[in-house]
Amino acid sequence: MRQSRRVAYALGCLLLLAQCGAAQAQRADDSALELIDPKVLRVCADPHSLPFSNDKGEGFENKIAELFAAKLGKTLAYTWYPQSVGFVRNTLAAHRCDVIVGYPQGDELVQNTNAYYRTSYALVFRPGAGLDDLVSFADPRLQDKRIGVVAGTPPATLIAMHGLMLRAKPYPLVIDTRVEAPAESMVKDVASGAIDAGTLWGPLAGFYARQSSPPLRVVPLVQERMGDRLVYRITMGVRASDQNWKRTLNRMIQENQPVLNAILRDYGVPLLDEKDQPLAEPMTK
């Protein structure tokens, strides 16, 4: 009788271990089933959208994708589509790729991962041109200045509210990125003096301003107290059903945040902390 009980107990333990192993395998399988190919990191991206991405792998989102592919032991592949109306529908939602590397938090078209950086729209102007301490559209010095603005973006509303639109120079929002680069054109106009200042999404402002000679000044717009929101958290976008994949990406973001910050800084992205202050750089020995 005792021997039978021991055998039954041993069999019960083996059964429990087998069930645990099966559950772990099932979780792994569930994660794999969420992806087009579990051996490939398939990224949805614009082929002509520096500093974010291009088909030559020169953008900071390309570098982040390369980092994650290496860390996950996957090869890297892209589905290219212009970042315009229909981007999500024709890439992520169509199951042609598994992640959008940069996506604003709160957009309902995708499921957001945890944010991996925070930035804002920014002012760009020439240093030494009388605007060095400029931080807001409310500054009276802007009343006789010509300001560049991308039509339809949040700063356009503020420019109008402050009575600056009459002299403003508009740049197009909806473009063919293969042939047009309004952000680059605006920064060149600031550098040449064709306009006195420009307003751009922070990563665009920082990237092109540092290419100017001498570099232009970039000031995040964090002092505005009216109008549309100018500060955003940026996440990665996945499908609503991809819960395990989202958890994997959240873990990758947490484990690699200092490297992500370094990549972003290399491209001039103005990083902000949760108090809208410039994110402190790591201490060096």
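Me: What volume does the second largest pocket have?
Reply: In this predicted model, the second largest pocket has a volume of about 550 Å³.

Me: Which residues are the closest to its centre?
Reply: The lining numbers 25 residues, and Val218, Pro220, Pro270, Leu271 and Pro278 are the closest to the centre of the second largest pocket.

Me: And which elements give two or more residues to that lining?
Reply: Helix 6 and strand 11 do. The largest share, four residues, comes from strand 11.

Me: How do the lining residues divide into nonpolar, polar and charged?
Reply: For the second largest pocket, 14 lining residues are nonpolar, four are polar and seven are charged.

Me: Which residues do ring pairs link into a cluster?
Reply: Phe207 and Tyr208 belong to a cluster linked by ring pairs, together with Phe52, Phe60, Tyr116, Tyr117 and Tyr267.

Me: How many aromatic pairs does the count come to?
Reply: The count comes to nine aromatic pairs. One of them joins Tyr78 and Trp80, which are stacked at 4.5 Å centre to centre with 15° between the planes.

Me: Are Tyr78 and Trp80 buried, partly exposed or exposed?
Reply: Tyr78 has a relative accessibility of 22%, so Tyr78 counts as partly exposed. Trp80, at 29% relative accessibility, also counts as partly exposed. Buried would require under 20%.

Me: Which residues line the largest cavity?
Reply: Tyr78 is one of the lining residues, with Val43, Cys44, Ala45, Ser53, Glu61, Asn62 and Val101 making up the remainder. Strand 1 (40-45) and helix 2 are the elements that give two or more residues to this lining, and the largest share, three residues, comes from strand 1.

Me: Now the core. How many residues has the largest nonpolar core, and which have the most contacts inside it?
Reply: The largest nonpolar core has 64 residues. Those with the most contacts inside it are Phe60, Ile64, Phe68, Tyr116, Tyr117 and Met236. Apart from it lies another core of eight residues, including Phe87, Val88, Cys97 and Tyr103.

Me: What does Phe60 touch, leaving out residues up to four places away in sequence?
Reply: Phe60 touches Pro51, Phe52, Tyr117, Pro203, Ile263, Leu264, Tyr267 and Val269.

Me: Finally, the chain as a whole. How many helices and strands, and what percentage of residues count as buried?
Reply: The secondary structure comes to eight helices and twelve strands. Of the 285 residues of the protein chain, 46% count as buried. Among contacts with a separation of 6 or more, 68% are between residues 24 or more positions apart.

Definitions and conventions:
Residues numbered from 1 in each chain as written. Predicted model: local features only at pLDDT ≥ 70, side-chain atom pairs only at ≥ 80, totals over all residues. Heavy atoms only, no water. Phe/Tyr/Trp six-rings, centres within 6.5 Å; stacked < 30°, edge-to-face > 60°. Buried < 20%, exposed > 50% of the residue type's maximum accessible area, 1.4 Å probe, protein only. 1 Å grid on protein atoms, 1.4 Å probe; cavity = no way out; pocket = protein on both sides within 12 Å on 5 of 7 lines; lining within 4 Å. Points joined across faces, edges and corners; volume = space filled by probe spheres on them. Nonpolar A, V, L, I, M, F, W, Y, C, P; charged D, E, K, R; others polar. Core = buried A, V, L, I, M, F, W, Y, C linked by side-chain atoms within 4.5 Å. Contact = heavy atoms within 4.5 Å.
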